[in-house]
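Student: I have a structure open and would like to learn to read its contacts. Can we go through the features one at a time?

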Amino acid sequence: MEFVSTTLAALAEADLVLEVRAPVGRRRAIGALTVLLGLFIVVAFGFGSISGAHSQFTFTPVNTSSGAPWSLGALTVLTRWWNVALGLITVAIGAETWWRRPAGALARFGVGGIIFFFTLLLWAGRQPGPDQTSSINLTSVLIGSSAIAMVLIYGSLSGVLCERSGVVNIAIEGQFIGGALAGAMVDSVTNSFWLAALVGILIGGLIGWLLALLAVRYIADQIIIGVVIVTLLGAMSSYLNIQVLAPYPNLNVGNNPSNVAIPLLYKIPILGPVLFNQNMFFYAAIVLVALVSFGLFRTRWGLRVRSVGEHPKAAESVGINVARVRYTTVILGGAVAGLGGVAFIAVQGQFQPGITSGFGYIALAAMIFGKWKPSGAVVASILFGVSAYLVDALQSYSTPIPTELLQMFPYLITIAVVAGLIGRVRAPASDGVPYKRD
Amino acid sequence: MTDTLTDTATKPSSARRFWSHYSSTSPITLTILALILGFVIGAIIIMVTSPAVLDSWRHTSHHLGDIGSSLKVSFDSVAAAYRAMITGSILDPTLFVHSISTGHGWDTTLTPISETLTYATPLVIASIGVGIAFQTGIFNIGANGQAIIGGIAGTAVGSMIHCPTIIHLPLTLLAGIAGGAVCGLVPGLLKAYTGAHEVIVTLMFNYVCNAFLLYALTETALQAPNQANDLSRNVDSTAILAPIFGTKSGLRVSYGIFVAAAVVVLAIWFLKRSSLGFDFRITGANPNAARASGINPKFVVIAVFLVSGGLAGLAGGVQMMSTTHYIDGGFLIGNAGIGFTAITIALLGRLQPMGIMWGSLLFAALNVGGRAMQAATGIPLDLATIIQSIVVLFVASPVLIKEIYRLRSGAESFQMATKGWSS
């Protein structure tokens, strides 16, 4: 009887029918892994720090030009017991995953991963300790993470759109580069991030169109085309940087858009500066997530996109123009990534070749980690963003584990997920398969 | 069929026969046409971004005629750029004539071709590895990471073990192969036993290997003594691939080209004559038929990743042994990275060892010539990569070339190497 109910519960998650095959074992494994992670935190970062050592949090963001939140004082905590507590929370999350085997098992593991980095940060910043850096600015950590997460959200949403329609978009990185370069130039000339965003959308859409043209119309291999487009855009941006941006520095002044503080809400400590006092690209990302999620799963257009990605032949037999749906969706996806490129510039300022440093590929990983769903992509982007930022922040501390090895973390986790070692993901059935009409 | 009959019956002129051959789109024709397109687009990019044109945009943007005249001026810069590219990568005729008549200055005359060969050496090896994987229907996008690990392993063996050349040199080469093979083994095993798509695994592995490189160069004994930067020890002189003409001549071309030549010959033999190579090709052509005829698909996937990764690792080792003799944090990351260049070369060479060899020489010449171009005209070296990417975009979509040149028929789309993530 219990078997029947678990099977039904698994079936209820319509998106992941494949998981019926072995959901129980995998989610159990994720739970067990999370428990182990928690125990490691308790032992290594909890009891591994000397009794009486303390770590200090501060909460006021560094940049308060567009309004500061209600101020909180500094919080000094005992490193050992806080890490033990956080480790135990991780153990509890793992135990819950083990016990209930929820659909969000992977996300729970991700939370465990973030706690791992956070406790490592606490441990590394302890006083008396090896480093002089005395306090951890929690709000800054979250703001920095949100900037990375925002870019990843744009990229992974672009991937979700394209791959749901059956075209692999490995060229997200290229669309980032194109959007970033165009955005930097347009903003420098017009001093308007609105225009920059518009041009970034156009450039990203254009690159998406190139991908769609070669992949859909000329039936070239999508992965090859994507890889080459990234190479092309990388070289192109480096070329233009030397040939155009260097002699005309007024084309690359590196503005940052001012933050838009949402009245009252921005005053909430910690959360306010992170969620309600951001630039327009951050809010646009949130709106986009809702739009893509609604569009894909609640509209006729979305149903068409998904059917074309799953079974183009069946879609065509009911009168859907497969090529046209793929064209529009890939162009749309490219536009989203292009906007992400402009968002990159909004955070980073000046354009430099290599500025996107592989974030397009991490976004691809986030999309896979998020199981080809907008909501999943957001969760994965946040997880990757926070872990990327914390790894970066940890570089100024002396940690027991070299930061170079910690940098591998998101990639190794993605590999483990793709391999089904932890969790199981399933791509749209016709993802990457070109459709030829008979 | 009827066409051929009438053709032979009427005995067309040689020009007509040439046209018929040209328009029947053989792979070589398609490649040449793609190259022409690449250079034409490259020329347009040079012209549009030349300082003369940019200036006329800035100062007299309301007089379109000025832009027209500056476009004419920039025509010359295109000619200068491409001339510098050719003389800088193959041979400078004036220097050649000078050397012929005086018998001196051969070192300078031969430098461009020596540089091209030096640059091509690791490319040939890595691209053949990628090509063999392609032929098996496997997309090895991780040659960069594999080459990096090969370079690390080669540097470790070359700098920390001390023995005579006769042992040390082969041992270092083998270390490179082993490093790359181990790095390729992981995606192979995962693909064989869990079905994880090799593209995403190898892509992620590139980053893992990059991080490992930085780790190895800053935290391990591989780092040069008393060195704070990410710089490795130098390998022993017994473990380097020495310049063929000695260090005095200044010509960098090393014995590494013989390693590359051996790889070409071995790859031809392997694919055409060996039974494992046959298994590879059959699996690539039709996995179901391969399975039905008793070929173990799991074994093939693992084996092809060992071969492909091993070759990429060898490329990394040879690169280190024949040029720098040490590695640093930017090892093999220049331009687009050797892994992505290898993918484009493998496609350009249509996955065949000989084709890949010519493709590598061409791409190496483009890069070396691009450097000369940058020095002579100030046009950035990246133009070479732009032209390469455009050429490969066209090579990968032959139907497009067919349409652009209005060719008759016969253009088959490139055989799909991969079919989605989840297969």
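**Reading the contacts**

Tutor: Start inside one chain. In this predicted model, 27 residues of domain 1 of chain A are in contact with 32 residues of domain 2 of chain A.

Student: Where do the two domains of chain A run?

Tutor: Domain 1 covers 22–133, and domain 2 covers 141–418. Their C-alpha centres lie 28 Å apart.

Student: How much area is buried between domain 1 and domain 2 of chain A, and what do carbon and sulfur atoms give?

Tutor: Read the area together with its atom make-up. About 2500 Å² is buried between these two domains of chain A, and carbon and sulfur atoms give 80% of that.

Student: How many salt bridges and polar contacts cross between the two domains of chain A?

Tutor: The salt-bridge count between domain 1 and domain 2 of chain A is zero. For polar contact, the count is one residue pair, with both residues at pLDDT 80 or more. Now look at residue classes. The side of domain 1 that touches domain 2 in chain A has 20 nonpolar residues, six polar and one charged.

Student: Now the chains. How many residues does each of chain A and chain B bring to their contact?

Tutor: Chain B brings 60 residues and chain A brings 52. The area buried between them is about 4700 Å², with 77% from carbon and sulfur atoms.

Student: Which residues form a salt bridge between chain A and chain B?

Tutor: The rule finds one salt bridge across this interface. Arg217(A) pairs with Glu403(B), and their closest N and O atoms are 3.4 Å apart. The cut-off is 4 Å, so the pair counts. Polar contact gives five residue pairs between chain B and chain A, both members at pLDDT 80 or more.

Student: Which elements of chain B give two or more residues to the side that touches chain A?

Tutor: Among them are helix H3 (27–49), helix H9 (165–194), helix H10 (198–219) and helix H18 (398–405) of chain B. H10(B) gives the most, with 14 residues. By class, this side of chain B divides into 39 nonpolar residues, 15 polar and six charged.

Student: Last, the backbone. Where are Ile219(A) and Leu351(B) found?

Tutor: Check phi as well as place. Ile219(A) has phi near 50°, a positive value in a residue other than glycine. Its place is the loop between helix H7 (193–217) and helix H8 (222–245) of chain A. Leu351(B) has phi near 70°, a positive value in a residue other than glycine. Leu351(B) is in the loop between H15 and helix H16 (353–377) of chain B.

Note on methods
Residues numbered from 1 in each chain as written. Chains lettered and ligands numbered in written order. Predicted model: local features only at pLDDT ≥ 70, side-chain atom pairs only at ≥ 80, totals over all residues. Heavy atoms only, no water. Contact = heavy atoms within 4.5 Å. Buried area = accessible area lost by both parts, 1.4 Å probe. Salt bridge = Lys/Arg side-chain N within 4 Å of Asp/Glu carboxyl O. Polar contact = N/O pair within 3.5 Å; in protein donor to acceptor, adjacent residues only side chain to side chain. Helix = DSSP H or I, 4+ residues; strand = E, 2+ residues; numbered from the N terminus. Nonpolar A, V, L, I, M, F, W, Y, C, P; charged D, E, K, R; others polar. Domains from an automatic or database assignment.
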